[in-house]
Amino acid sequence: MSYTMNRNILRWIIIASSFIIISLILWNTYIFFQNFKAEERIKMQNWSLAQKELNKNIDLESDLGELIPEVLSSNTTTPMIRVNDDGTINSNNIDEEKAKDTAYINKLIEQYSNENEPIEVRYKDQIKSIIYYGNSPLLNKLKYYPLALLLIIVLFAAVVYFFYRSSKIAAQNKLWTGMAKETAHQIGTPLSSLVGWTEILRSEDVNPSYLLEIEKDITRLQTITERFSKIGSVPTLKKVDIVKETVESYEYLKARSSNLINFEIDAPEHPIYVSLNQQLYSWTIENLVKNAIDAMKGKGSLRLTIVKSDKQVKITVTDYGKGLPKSLFSKIFEPGFTTKKRGWGLGLSLAKRIVEDYHDGKIKVLHSEIGKGTTMQISLKLIP
């Protein structure tokens with residue numbers, strides 16, 4: 001218990017630490033992005049100051065020196081548009097062909113105004129030009145980086161959730177497996193006693209028909225014990241006539257069900273062979289039949305059909321009960337889901353596991369209509 005608790009604590013510490021690390025990376029990336037953007041603006045302000053000095057020196061017809069041309073030529077990435085006081089427009093780092101389109105330039109001016117505050121170039125208290133500039137290609141790429149990190153966080157959270165959920169399901173399955181095996185062990189003791197009492201009754205000249213029915217029930221209990229003992233283990237499959245196995249299971253349930261249920265069966269006369277574990281398969285048929293009886297509230301017609309195709313054999317169980325909405329067709333196979341007031345919601349989930357995991361087959365709701373009934377279908381592969 002202490003080991004499990006420590007392991008869970010360690011797991012949560014790792015998860016929490018991961019979230020903290022990713023959050024710190026995201027925060028630092030955001031700060032870096034903001035600082036980079038501020039540096040872009042400083043660069044543009046320096047460029048505008050250089051432009052101002054250029055205008056001043058041109059008016060004074062003085063030497064420009066090396067600094068001003070160097071500053072003006074250094075910006076080769078940031079796209080900008082300079083609108084002069086005489087209405088002329090100059091652009092830097094914008095495609096020359098597109099720059100000739102006035103509508104395109106006006107659209108860029110509006111876009112750049114939203115991205116960054118325009119910079120006014122003044123000389124002698126007069127606005128000589130206004131510089132509109134956008135984000136550099138590098139800055140545009142970086143702005144998607146926080147979104148990528150957010151996506152990573154979401155994906156990481158999803159992985160953690162599914163990891164935790166699968167761990168929880170695995171723990172539950174382990175518990176159910178242990179309980180099933182323990183149940184099989186507990187049933188074994190009184191079952192052995194019942195076999196002994198049957199032999200005593202036989203020596204007392206009890207009606208043989210009574211003994212026959214008792215022996216059938218003892219055999220059934222032995223089958224149930226084997227079922228529970230096989231949970232969690234890989235079952236052994238044998239070449240079996242599925243017609244014979246299905247009919248026997250169906251007839252057994254018929255003999256022990258209410259006379260208000262009309263049992264019908266449509267099965268071929270010849271054998272059909274599949275790889276099967278008899279105990280687990282009979283459990284599946286039992287679950288389908290009992291669910292059908294419950295759906296009809298213990299009264300109505302129940303029909304089982306076996307049909308052979310080229311590569312498969314299909315077993316259908318049809319009731320004329322309350323039916324299911326289409327939204328529940330897949331949900332009824334989930335562990336714990338039930339539409340009954342009483343029940344664990346394990347019957348159909350076990351049937352699905354037996355058919356699909358152990359026998360490589362398929363089980364599904366073939367058809368259902370509210371108030372008219374449901375047809376369940378099992379599909380298994382044929383063997384020569």
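The crossing of helices H9 and H10 is left-handed, a term for the near helix being turned anticlockwise from the far one by less than a right angle. Helices (H or I, at least four residues) and strands (E, at least two) are DSSP runs, numbered from the N terminus. The model is predicted, with local features needing pLDDT of at least 70 and side-chain atom pairs counting only at pLDDT 80 or more, while totals for chains, interfaces and linings use all residues. Residues are numbered from 1 along each chain as its sequence is written, and side-chain values use heavy atoms, without hydrogens and water.

H9 spans residues 278–295 and H10 residues 347–358; their axes come within 9 Å and cross at roughly 145°. Axes are lines fitted to C-alpha atoms, for helices over the stretch in contact, with angles from 0 to 180 degrees between N-to-C directions.

The whole structure holds one aromatic pair, where ring centres of Phe, Tyr or Trp (its six-membered ring) lie within 6.5 Å and planes under 30 degrees apart are stacked, over 60 edge-to-face and the rest tilted. Tyr250 and Phe263 form this edge-to-face pair, 5.4 Å centre to centre with 75° between the planes. Tyr250 lies in helix H8 and Phe263 in strand E6, so the pair ties together parts 13 residues apart in sequence.

| Lysine | Ring | Distance from ring centre |
|---|---|---|
| Lys239 | Tyr273 | 5.1 Å |
| Lys352 | Phe333 | 5.3 Å |

Terms used:
A charge sits over a ring if NZ of Lys or CZ of Arg is within 6 Å of the ring centre and within 35 degrees of the ring normal.
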